[in-house]
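I opened this model to look up two things. I wanted the ligand surroundings first, then the helix packing.

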Amino acid sequence: MSDPTRRRLPRIISITNQKGGVGKTTTAINLGAALAEDGYNVLLVDLDPQGNASTGLGIEVEDRALTTYDLLVEDAELASVIKTTDIEGLLIAPATTDLSSADIEMVASERRSFLLYDALRQPKIDDYDLDFILIDCPPSLSLLTVNAMVASDSVLIPLQSEFFALEGLSQLMMSVREVRQSANPDLRIEGVVLTMFDGRNNLSQQVEADARATLGELVFKTIVPRNVRVSEAPSYAMPVIIYDPMSKGSHAYRALAQEMVENIEAATG
Ligand SMILES: Nc1ncnc2c1ncn2[C@@H]1O[C@H](COP(=O)(O)OP(=O)(O)OP(=O)(O)O)[C@@H](O)[C@H]1O
Ligand SMILES: [Mg+2]
């Protein structure tokens, strides 16, 4: 940024789909790692009580003294919640099962939909010089997901290349529209990424054709293949791009990072 006095805001992206097991966390971890590898400073916000992103990046439960729950419900300072990971440039705000009760507690707040928005705009955020904040959402359209969308510039939607993939998407798009109308008129769709794609499977190809016919330009050109190395990596507490840098999954997530950055640059000039 040429003007050092100008506040440089990171791009905030919610990785969301209320459908379970479609590759949200895998995408959050690996897109985050690929962006960090390219020299960007990235914060991954784990907004899922399952804490899969935290575990997948090697943050032990014992090391999650303060979490996104404290950020949302207890007004904790960002600096006390954010942790470094083994990957240079990639930070995480971890989660634990504590977060599962956050919805109920947040409802009582007047700013119930803006709690994450407020947390991510603490002035201290500037100290991290972040380029991207990726929010790993839970598999629901709960208040947590609403908080993510309200706080974000865009949503990135992983779509599993399986039958019924497109079902539920209209509900998700409706939530995006509601958030635009009520709180965040500028919320964009960053894109839809096909995950767990099996090129030998006609069904995967049919899902791709349907997605491109229905959603057009919104669908990323990059497709993430089904790749066993991707599914092994979390048990080694690593992103696949570190665990097996030359795997097909790693190549795909690097390509996705590049395509996303190019899209953003094209849109913002
Ligand atoms: N490209 C891939 N190839 C093979 N396995 C994958 C791939 N992407 C994700 N998986 C596996 O699929 C499962 C679901 O992925 P992931 O946890 O990322 O989904 P999710 O949408 O975050 O799930 P949830 O809704 O429970 O949060 C995991 O076991 C993950 O390792
Ligand atoms: Mg997940």
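I keep in mind that the model is predicted.

Next I checked glycine 21. One of its backbone N or O atoms lies 2.9 Å from an oxygen atom of ligand 1. For proline 225, I found a backbone N or O atom 2.8 Å from a nitrogen atom of the ligand.

Which residues come nearest to ligand 1? I noted Lys24, Thr25, Thr26, Pro225 and Asn227, out of the 18 residues around the ligand.

I then turned to helix packing. Two packed helices are described by the angle between their axes and the distance between the axes.

I looked up H1 (residues 24-37) against H12 (residues 248-268). Their packing angle is about 70°, and the axes are 8 Å apart. An angle of 65 to 115 degrees counts as roughly perpendicular, so H1 is roughly perpendicular to H12. On the H1 side, I listed Thr26, Thr27, Asn30, Leu31, Ala34, Leu35 and Glu37 in the contact. H12 contributes Tyr253, Arg254, Leu256, Ala257, Met260 and Val261. Sorted by class, I get 8 nonpolar, 3 polar and 2 charged residues for the contact of H1 with H12.

I read an angle of about 55° and axes 10 Å apart. H7 and H8 are therefore oblique to each other. The crossing of H7 past H8 is right-handed.

Which residues meet between H7 and H8? From H7, I have Val146, Met149 and Val150; from H8, Leu172, Ser175, Val176 and Val179. This contact of H7 with H8 has 6 nonpolar residues, 1 polar and no charged ones.

How values were computed: Residues are numbered from 1 along each chain as its sequence is written. Chains are lettered from A and ligands numbered from 1 in the order in which they are written. This is a predicted model: local features need pLDDT of at least 70, side-chain atom pairs count only at pLDDT 80 or more; totals for chains, interfaces and linings use all residues. Side-chain values use heavy atoms; hydrogens and water are left out. Axes are lines fitted to C-alpha atoms, for helices over the stretch in contact, and angles run from 0 to 180 degrees between N-to-C directions. Helices (H or I, at least four residues) and strands (E, at least two) are DSSP runs, numbered from the N terminus. Angles under 35 degrees count as roughly parallel, over 145 as roughly antiparallel, 65 to 115 as roughly perpendicular and the rest as oblique. A crossing is left-handed if the near helix is turned anticlockwise from the far one by less than a right angle, and right-handed if clockwise. Contact means heavy atoms within 4.5 Å. Ala, Val, Leu, Ile, Met, Phe, Trp, Tyr, Cys and Pro count as nonpolar, Asp, Glu, Lys and Arg as charged, and the others, Gly among them, as polar. A residue is near a molecule or strand if one of its heavy atoms lies within 4 Å of it. A polar contact is a pair of N or O atoms within 3.5 Å; within protein, one must be able to donate a hydrogen and the other to accept it, and residues adjacent in sequence count only if both atoms are side-chain atoms.
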